[in-house]
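Let's take a friendly walk through a protein model together. Keep the sequence and the 3D view open as you read.

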Amino acid sequence: AGEPGMLLHTFDRNPTDKLSFVWTEVFENSSALEFHLQNPALVKYLSDVSPLLDSFTIELYGEVSTSAVNMLKATGTPTKHYDTELGFIRDLTP
């Protein structure tokens, strides 16, 4: 509710390693991602949880603003950006 630009948020367990997870988030646009990265609740959560993790990496997909990519990289978390070369998205409006 605190992040209206977040369209999808899932936390999925790796089927071959029960202690490994993938966190998937889809944002409406780069501004929504930037808002997310500045959310005080997220900053606190990551600060509290990060020491408990063996590893944490970010994979970013699609057309994302340079400022959003730079904000992610500035966190110090290993980040890889896969820029879209071709493809399409359907209109998913209900």
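Start with D48, which counts as partly exposed because its relative accessibility is 44%. Here buried means under 20% relative accessible area, exposed means over 50%, and partly exposed lies in between (1.4 Å probe, protein chains only). Before going on, note that this is a predicted model, in which local features need pLDDT of at least 70 and side-chain atom pairs count only at pLDDT 80 or more, while totals for chains, interfaces and linings use all residues. Residues are numbered from 1 along each chain as its sequence is written, and side-chain values use heavy atoms, with hydrogens and water left out.

Which side chain does D48 meet in a salt bridge? The partner is K44, at 2.7 Å from N to O. A salt bridge is a side-chain nitrogen of Lys or Arg within 4 Å of a carboxyl oxygen of Asp or Glu, and by this rule the count comes to one. D48 and K44 are about one helical turn apart, because they sit four residues from each other in helix α2 (residues 40-49). An α-helix has 3.6 residues a turn, so residues three or four places apart point the same way. K44 is exposed, with a relative accessible area of 54%. Helices (H or I, at least four residues) and strands (E, at least two) are DSSP runs, numbered from the N terminus.

Now look inside. The largest nonpolar core has 10 residues: F27, A32, L33, L37, I58, L60, V64, A68, V69 and L72. Such a core is a set of buried Ala, Val, Leu, Ile, Met, Phe, Trp, Tyr and Cys residues joined through side-chain atoms within 4.5 Å. Two or more residues come from each of α1 (30-37), β3 (58-61) and α3 (66-74). Leaving aside residues up to four places away in sequence, L60 touches L33, V69, L72, K80, H81 and Y82, where contact means heavy atoms within 4.5 Å.

After α3 comes G76, with a positive phi near 85 degrees.
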